[in-house]
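Hi everyone, thanks for making time this morning. I'd like to walk you through one structure, so please have the viewer open and follow along with me.

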Amino acid sequence: PTQKDAWDAVHAVNMTNSPEPNCLREGTGPDSRYAKSWALYFSKFVSAYKSWGLNLFAVTVQNEPEFPAPWEACAYNPDNQAEFIANHLGPRLDEDHPDVKLLMFDHNKDHAVAWGETILDENNPASAYVDGTAIHWYAGGMDRLLDGALGQPNMHRFMSMLKYQNVSEDHLILGSEACHCPTTGYYGGDINVAWARAERYAHTILADLAAGSNGWVEWNLVLDSIGGPNHLGNLCDSPLLAVPYRAGGEHNVSWLPDFEHTGYLNGPGTSRGDSRTREELNSMGMPAEYIDRGVIVQPMYYYMGHISRHVRPGSRAVPALVDQSNLGPNERTFREIVGNTSVAGGGVNDLARVGIELTLWPCEGSTRQVWEFSKDGRLQVFGHDWLGVPTASCVSKTPDKSFGGLALTTCDHLAASFDMSVIKKGGDSYNMILTNSIEKEAQICLIAKPLESNGGAYGPRGGAQVTLGECNGDAVSALLDK
């Protein structure tokens, strides 16, 4: 295959950006010459790898089809991706490469269900060619601290959707791309950031597997010290970083490879990792023995390694919840508040920030479950971002349309205000009634919405979604500790 084949097929001057809603000239109907050419290019691509003894397991129709990216892109919506699969790509791969699986979507969790309802509908001819669904971990906006923290209830909705659409039980769910941005933990030089990024990976991998995912892919194997090379400055992190200039005995080696187009974010010499000694980095969890060989091994590597070594192909997810931790003052899973410190439970809550989805879990005593009911009736939680700046967030008064539940928002007119209403006279539990609801007719309460697909491996007690609804049996029953 040649690059000209691709350029002729894609409705753009070159391979970057994309027209919407369909990137292909003449559309994706059965008579589109360009869609036919593009499908043939896929086949030739697979054949080229096979000629070198590299047999591809699967391909996706398009990386991030909802994003007309400034890099190589080809935009689709669910309908025209289904047409391209049914009319062109599916039949072509079936004929030329029946052993190669085809995965649809390949984008964020917020719209996965909508795409599945269209493409995987048994009455849609595209469904016969699709072997699985690829999903990314990104939050969709530009707040990179939300990546990996959104969409878990949607994963359970997706699994439920597969059942009611009679999709084959061997349909693959693959977390096909994840990485932390911007730049690298090494470049920032903050031990808390490096380890927080690793922990976010572990949380998301375990949650995806519990929901029904068959695998999880880190986008990058190895990058340079700032998170490249990247021809558009999209610098991100990686478990391994190449730093040949730090290898023992090396001289006159550039700090960045000559094919790196970006350069340091804040000018030369601003990498905090480069300014640290091997001993300092070793104490932060980046082993000196590998630094001497020109490789930075970041904490993410060990989290990825721990899970991948123990969760082998064929493994099944099993339930494991911290069910109780409030048996007494000295019987907590997490450490107690000591003296006047504001750090309770398992440490400072670094997940509390605007945009985070709300879910309910069994009480496990961490700071994520410590809330304040303010004088104006707002549910407020405190945390900090990864730069250590304190944050304050409140529960939103409007459910997110894509995720179906409530998220944290700014503590202003966007936040919900609640009135605590005693459920039973003389009791100590309360319903939370929304007092600034847009709906004036009905009484609206904070409610717990159980995860679909019976909660996956977590079961019915794991991660109920928080939203708004009628003040009935689903309404949250709250206890105040002061």
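**Starting from a disulfide**

Let's begin with a covalent link: Cys23 and Cys74 are joined by a disulfide, with an S to S distance of 1.6 Å. Please keep in mind that this is a predicted model, so that distance is a property of the prediction, as the model it comes from is predicted. Where do the two cysteines of this pair sit in the chain? Cys23 is in the loop between helix H1 (3-9) and helix H2 (33-51), while Cys74 is in the loop between strand S1 (58-60) and helix H3 (78-96). They are 51 residues apart, and the pair links distant parts of the chain. As for the total, searching the whole structure turns up 4 disulfides.

While we are on cis peptides, here is another one. The bond from Gly228 to Pro229 is cis, and omega is near 5°. You will find Pro229 in the loop between strand S6 (222-224) and strand S7 (240-242).

**Two helix pairs**

Now for the helices. Two packed helices are described by the angle between their axes and the distance between the axes. H2 and H3 pack with their axes 9 Å apart, at an angle of about 30°. The crossing of H2 past H3 is right-handed. Which residues meet there? From H2 we have Ala35, Lys36, Trp38, Ala39, Leu40, Phe42 and Ser43, and they meet Phe84, His88, Leu89, Arg92 and Asp96 of H3. Sorted by class, this contact of H2 with H3 has 7 nonpolar, 2 polar and 3 charged residues.

Next, please move along to helix H5 (residues 152-164) and helix H7 (residues 191-211). The axes of H5 and H7 come within 9 Å and cross at roughly 20°. With that angle, H5 is roughly parallel to H7. The crossing of H5 and H7 is right-handed. On the H5 side, the contact is made by Gln152, Met155, His156 and Met159, and on the H7 side by Thr204, Ala207, Asp208, Ala210 and Ala211. By class, the contact of H5 with H7 comes to 5 nonpolar, 3 polar and 1 charged residues.

**The parallel sheet**

On to the strands. Strands of a sheet pair through backbone hydrogen bonds, either parallel or antiparallel. What is the strand order in the open sheet of 5 strands? The order is S1-S2-S3-S4-S5, and the pairing is parallel. S1 and strand S5 (215-216) are the edge strands, each pairing on one side only. S1 is joined to strand S2 (residues 101-108) by 3 bridges, the two running parallel. Helix H4 (residues 112-119) lies across S2 and strand S3 (132-136), and H4 runs at about 145° to S2.

**The antiparallel sheet**

Finally, let's go to the other end of the numbering. Here an open sheet of 4 strands is ordered S10-S11-S12-S13, and its pairing is antiparallel. S10 and strand S13 (408-409) stand at the edges with a single partner strand each, so one side of each is left without a neighbour in the sheet.

Let's take the pairs in turn. Strand S10 (residues 372-373) and strand S11 (residues 379-384) run antiparallel and are joined by 2 bridges, and Phe373 has Leu379 of S11 as its bridge partner. S10 and S11 form a hairpin with 5 residues between them, and Gly377 in the turn has a positive phi of about 85°.

S11 then pairs with strand S12 (residues 390-395) over 5 bridges, again in the antiparallel sense, with His384 opposite Pro390 in S12. Lastly, S12 and S13 run antiparallel and are joined by 2 bridges, where Val395 has Leu408 of S13 as its bridge partner.

That's my tour, and I'm happy to go back to any view you'd like to discuss.

Key:
Residues are numbered from 1 along each chain as its sequence is written. This is a predicted model: local features need pLDDT of at least 70, side-chain atom pairs count only at pLDDT 80 or more; totals for chains, interfaces and linings use all residues. Side-chain values use heavy atoms; hydrogens and water are left out. Axes are lines fitted to C-alpha atoms, for helices over the stretch in contact, and angles run from 0 to 180 degrees between N-to-C directions. Angles under 35 degrees count as roughly parallel, over 145 as roughly antiparallel, 65 to 115 as roughly perpendicular and the rest as oblique. A crossing is left-handed if the near helix is turned anticlockwise from the far one by less than a right angle, and right-handed if clockwise. Contact means heavy atoms within 4.5 Å. Ala, Val, Leu, Ile, Met, Phe, Trp, Tyr, Cys and Pro count as nonpolar, Asp, Glu, Lys and Arg as charged, and the others, Gly among them, as polar. Two strands pair if DSSP finds at least two bridges between them. A disulfide is a pair of cysteine sulfur atoms within 2.5 Å.
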